[in-house]
Amino acid sequence: MKWDSPSSWDRGVAWLLRPAPRSWRFVGLVILLSVAVAASLRVNWGSDNAFVVKAADALLAGVSPYEDKRFLYLPSAVIMAIPEALLPTPLLRCVLPLGMTGLVGLGWWASLRLFGVPVRSRLAVGGFGLFALAYKPYINLVLIGNWTAISAAALPVALLLAHRKHWAAAGLVVGLAIACKPMLVPIGLLFLLARQWRGLALAVGVPVGLSLVGALMMPHPTLFFTKTLPFLLQGQDSYALPWDASPIAALPRLGVPEPLAVALAFAGAGCGLWATWRRWRRPVAVDGDAGELRLVETACMVMLAAFLVSRPSFDHYLIVVLPLLLASAVRAGSMPRSPWFWVALVPQTAGIPWPSEFEAKRRAFRDMVTLCALAGLLARRALRPIRVTLEPVTTTGSPPRTEPECAASPVETGSRTAF
């Protein structure tokens with residue numbers, strides 16, 4: 001099966017880049033608001049965000065936030081959560097789902113601008129609405145209020161700044177996102193590959209500095225190293241295990257020995273890092289773009305490799321890379337132009353009547369399939385051989401060639417051919 005069909009895809013992309021009708025904008029807005037309102041009315045709204053707000057409440061009460069083993073973020077996240085802790089619960093119930101929607105929307109906007117897609121196009125309007133309606137992890141993210149949404153906004157913004165040669169600003173954005181949730185730590189490899197030391201210094205220095213400030217504000221900050229970090233490295237406990245899509249956690253539930261599951265996960269991550277290096281070294285002109293596709297695929301490959309070995313690795317983690325990959329469909333040869341990309345997303349599509357053994361606490365198996373499939377597809381694209389196009393060369397003194405020899409007109413003869 002070919003990676004893409006240039007004629008059909010070019011016509012489809014041209015249609016998607018046209019301005020969206022007003023009816024599309026209205027329907028997209030209704031979908032986004034409906035998901036946000038439905039999330040605010042649910043009983044378990046903001047369940048993940050509650051851990052961070054609880055940590056900020058503990059800090060304001062003079063208690064160490066790390067007394068709660070469920071708070072797994074850096075001390076800097078406590079400072080970021082103080083404004084939420086000061087809001088009354090009814091107001092937070094309305095603000096939080098809208099905030100999650102806005103953050104993912106910001107990431108989608110930056111992904112589109114990175115590839116020069118008009119924000120009023122059919123791809124921009126219809127793509128986000130369809131994504132919010134059909135992609136189940138997005139609905140879960142808005143419901144639980146997980147701070148993954150911050151990384152989903154920060155990574156495309158940082159790549160947009162990096163593409164415009166503002167690497168220091170990109171490092172600042174990544175650093176602030178890490179200060180909220182240390183999900184984008186692997187993106188430091190991108191700054192290393194690009195040799196952007198100032199951006200790397202900001203990406204490291206901002207969360208470290210804010211964490212030191214947060215540690216000075218709280219009692220017993222060393223609990224992060226003695227209690228929280230060991231708990232996190234052990235993969236947490238039975239509370240998070242049913243939802244953990246990491247192969248290290250999901251494969252043993254299927255009967256695979258844990259040492260073998262760990263070896264497979266790290267082998268996949270190692271292959272992903274090798275693919276990252278190969279993708280970055282590939283000349284930009286080969287893909288026919290100005291470097292934005294290389295930035296996106298390198299960053300997404302780093303994140304997917306990290307998700308293979310991180311504990312835990314939840315379904316909504318892929319929202320960090322999916323807007324970037326979806327927006328890259330406007331480039332020839334990009335991963336969304338492969339039908340296997342869409343097949344990989346089927347396990348996380350809403351509305352499919354899966355058997356009961358793959359629902360609820362066994363949903364992590366479907367999420368693992370999507371994670372491994374996307375990582376494998378992107379690694380395959382990064383490691384594929386480079387196709388070189390040879391052009392005719394004219395030496396000094398030779399007559400110019402206007403057409404290849406195979407296209408020359410045949411000389412008429414008096415005899416008939418044998419066929």
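This is a predicted model: local features need pLDDT of at least 70, side-chain atom pairs count only at pLDDT 80 or more; totals for chains, interfaces and linings use all residues.
Side-chain values use heavy atoms, with hydrogens and water left out.

Reader: Which element gives the largest share of the lining of the second largest pocket?
Author: On a 1 Å grid over the protein atoms alone, a pocket is an open set of points with protein on both sides within 12 Å along at least five of seven lines, and lining residues have an atom within 4 Å of a point. Here 22 residues line the second largest pocket, and G127, L130, F131, L326 and W342 lie nearest its centre. Two or more lining residues come from each of α1 (6-16), α6 (122-134), α16 (322-327) and α17 (339-345), these helices being DSSP runs (H or I, at least four residues) numbered from the N terminus. The largest share, seven residues, comes from α6.

Reader: How much space lies in the largest cavity?
Author: A cavity is a set of grid points where a 1.4 Å probe fits but cannot get out, and the structure holds three cavities of 30 Å³ or more. The largest cavity is lined by V104, W108, G127, F128, F131, P323 and L326. Its volume, the space filled by probe spheres set on points joined across faces, edges and corners, is about 60 Å³.

Methods. Residues are numbered from 1 along each chain as its sequence is written.
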